[in-house]
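Open the model in your viewer and keep the selection tool handy. We will go from the sheet to a few backbone spots in the loops.

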Amino acid sequence: MKLEQNDWVKDAVIERRLPSTIYIEISEREPIAIWQYNQKLSLIDIDSHVIHTDNIKKFVDLIHVVGA
């Protein structure tokens, strides 16, 4: 599902509720750290999933981890 291809989406559930409603539930990934690897900064969540963002400055209060 295309929704789940977004780095910020952890899980998405889409249900059709008859007669005329579509229900969408989205669980968002929560960044816990800024990861520095190969001179590049990324966000990671509790499962070490990389969350890409263009605005890393917004998360400067998170802990920084460096390395593989």
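In what order do the strands form the open sheet? Select them in the order S5-S4-S3-S6: these 4 strands make up the sheet, and the pairing is mixed. Strands here are DSSP runs (E, at least two residues), numbered from the N terminus, and two strands pair if DSSP finds at least two bridges between them. The edges are S5 and S6 (63-66), each of which pairs on one side only.

A word on what you are viewing: this is a predicted model, where local features need pLDDT of at least 70, side-chain atom pairs count only at pLDDT 80 or more, and totals for chains, interfaces and linings use all residues. Residues are numbered from 1 along each chain as its sequence is written, and side-chain values use heavy atoms, with hydrogens and water left out.

Now select S3 and S6, which run parallel and are joined by 4 bridges. Click on Trp-35 and look across to S6, where its bridge partner is Val-65.

Next, move to Asn-38, in the loop between S3 (33-37) and S4 (40-44). Its phi is positive, near 55°, in a residue other than glycine. Asn-38 is exposed at 64% relative accessibility, where exposed means over 50% relative accessible area (1.4 Å probe, protein chains only).

Go on to Ser-48, in the loop between S4 and S5 (50-51). Ser-48 is not a glycine either, yet has a positive phi of about 65°. Its relative accessible area is 55%, so Ser-48 is exposed.

For the last stop, select Leu-18 and Pro-19: the peptide bond between them is cis, with omega near 10°. Pro-19 sits in the loop between S1 (9-17) and S2 (21-28).

Definitions and conventions: Buried < 20%, exposed > 50% of the residue type's maximum accessible area, 1.4 Å probe, protein only.
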